[in-house]
Amino acid sequence: QVQLVESGGGLVQAGGSLRLSCAASGLNFRSYTMGWFRQAPGKEREFVAAITWSGGSTYVTDSVKGRVTISRDNAKNSVYLQMNSLKPEDTAVYYCAADRVWSIGVIRTTVSDYDFWGQGTQVTVSS
């Protein structure tokens, strides 16, 4: 079955950096746009960033633009989220997700568009 396993979360001080990883198995990784979402306590899950199957296109939400980079390694069936200059408001559970997109270059940002999800990894940023 499909598995997405996130790692790399933790506790970091404001201004610090973290690199999240997501290892995928059980799916044709190259057929999926990969995304990162996050969910803070009491809030809805929100889109953070996504990358097309080839890595040729990425999209990052405005609230983290300039601080976050998404990348993927298709040879390793993995997607990464590099987060710099972290702020306390970045504290959340971060989820990796896979979207079987049928149109080349399309990046979707809605939770319901994504087919598979990881279990999440906690990121806590202290002030």
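**Strands, cysteines and rings**

Analyst: Let's start at a turn: in the β4–β5 hairpin, where six residues lie between the strands, G42 has a positive phi near 75°. Strands here are DSSP runs of E, at least two residues, numbered from the N terminus, and two of them pair if DSSP finds at least two bridges between them.

User: Before we go on, what sort of model is this?

Analyst: It's a predicted model; local features need pLDDT of at least 70, side-chain atom pairs count only at pLDDT 80 or more, and totals for chains, interfaces and linings use all residues. Residues are numbered from 1 along each chain as its sequence is written, and side-chain values use heavy atoms, with hydrogens and water left out.

User: How many residues of β4 are buried?

Analyst: Seven of the eight in residues 32–39, so β4 is largely enclosed by the rest of the structure. Buried means under 20% relative accessible area, exposed over 50%, partly exposed in between, using a 1.4 Å probe and protein chains only.

User: Switching topic: which strands form the open sheet, and in what order?

Analyst: Four strands, ordered β1-β3-β8-β7, with antiparallel pairing. The edges are β1 (3–7) and β7 (68–73), each pairing on one side only. On average, neighbouring strands in this sheet are turned by 15° against each other, direction ignored; that angle comes from axes, lines fitted to C-alpha atoms, taken between N-to-C directions from 0 to 180 degrees.

User: How many bridges do β3 and β8 share?

Analyst: Six, between residues 18–25 of β3 and 78–83 of β8. One example is A23, whose bridge partner in β8 is S78.

User: Now the cysteines. Which ones are joined?

Analyst: C22 and C96, S to S 2.1 Å. The count is one disulfide, the rule being a pair of cysteine sulfur atoms within 2.5 Å. C22 is in β3 and C96 in β9 (residues 92–100), 74 residues apart, so to speak distant parts of the chain get linked.

User: Left-handed or right-handed?

Analyst: Left-handed, because the torsion about the S-S bond is about -75°.

User: Are those cysteines buried or exposed?

Analyst: C22 is buried at 1% relative accessible area, and C96 is buried at 0%.

User: Last topic, rings. How many aromatic pairs are there?

Analyst: Seven. Rings of Phe, Tyr and Trp (its six-membered ring) pair if their centres lie within 6.5 Å; planes under 30 degrees apart are stacked, over 60 edge-to-face, the rest tilted. F37 is buried at 0% and F47 at 9%. F37 also pairs edge-to-face with Y114, at 5.0 Å and 80°.

User: Which residues are in the aromatic cluster?

Analyst: F37, F47, Y59, Y95, Y114 and W117 form one cluster.

User: What sits over the ring of W117?

Analyst: The charged end of R45, 4.9 Å from the ring centre. The rule is NZ of Lys or CZ of Arg within 6 Å of the ring centre and within 35 degrees of the ring normal. R72 likewise lies over the face of F29, at 4.3 Å.
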